[in-house]
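Please open the structure in the viewer and keep the selection panel at hand.

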Amino acid sequence: MKHSFQEMDLGFFECNPFDKIGKDTFVITSKDGDKVNVMAANCGGFGMMWGKKVVYLMVRASRLTKENMDKSERISLTFFENTPSNHMTLKYIGNVSGRQEDKIANAKLTVDYFEDVPYIDEGNLIFIARKLFAGPVAEECITDPQITEDWYKNHDDHTLYIMELEHMMAR
């Protein structure tokens, strides 16, 4: 069942940023040609950069989503209601690679599009974002050694993306 979304002014977005990214899980949806991929995520943040409303995202080098984001100008973020069913779906998405299977179909999720940018229809809040910056998070630049020990001992480094929030849609 396709849902109806209404575009909203970004100025109306109010949330606890530590709950929205950190406690709530969301997916990053990207595409390469006709191939759409999703990645469950739970780190990043919202803010202002260069006079623009932005979202900051970190994606590991090993992820298919990173390859797609490097090739794409725009992506979507889909936030879901905090339900046990959604937790199971998002856990599955986070544990399976889009290289091995069509995890969107296997998770019984529906891809829809806003101006040729894919998003997941089962969510309740969608952001369309445009890439402004992509750069590596260099381990030698991390000043807290515990972060390197906890997050980068396998050297699967992150790329930091700063994305301009262009559109927000809600059901």
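Predicted model: local features only at pLDDT ≥ 70, side-chain atom pairs only at ≥ 80, totals over all residues.

Which element gives the largest share of the lining of the largest pocket? Select α3 (84–95): four residues of the lining come from this helix. Residues are numbered from 1 along each chain as its sequence is written, and side-chain values use heavy atoms, without hydrogens and water.

Next, select Asn42, Cys43, Arg60, Trp151 and His158, the closest to the pocket's centre among 22 lining residues.

Then colour Cys43, which is partly exposed at 30% relative accessibility (buried is under 20%, exposed over 50%, partly exposed in between, with a 1.4 Å probe and protein chains only). Cys141 is exposed at 59%. The sulfur of Cys43 is the nearest cysteine sulfur to that of Cys141, 18 Å away, and Cys141 is in no disulfide (a pair of cysteine sulfur atoms within 2.5 Å).

Now select Leu57. Leaving aside neighbours within four places in sequence, its contacts (heavy atoms within 4.5 Å) include Cys43, Phe26, Met69 and Tyr161. Leu57, Ile28 and Leu77 have the most contacts inside the largest nonpolar core, of 21 residues (buried Ala, Val, Leu, Ile, Met, Phe, Trp, Tyr and Cys residues joined through side-chain atoms within 4.5 Å).

Finally, select β10 (158–170), which supplies five residues, the largest share of this core.

Notes:
1 Å grid on protein atoms, 1.4 Å probe; cavity = no way out; pocket = protein on both sides within 12 Å on 5 of 7 lines; lining within 4 Å. Helix = DSSP H or I, 4+ residues; strand = E, 2+ residues; numbered from the N terminus.
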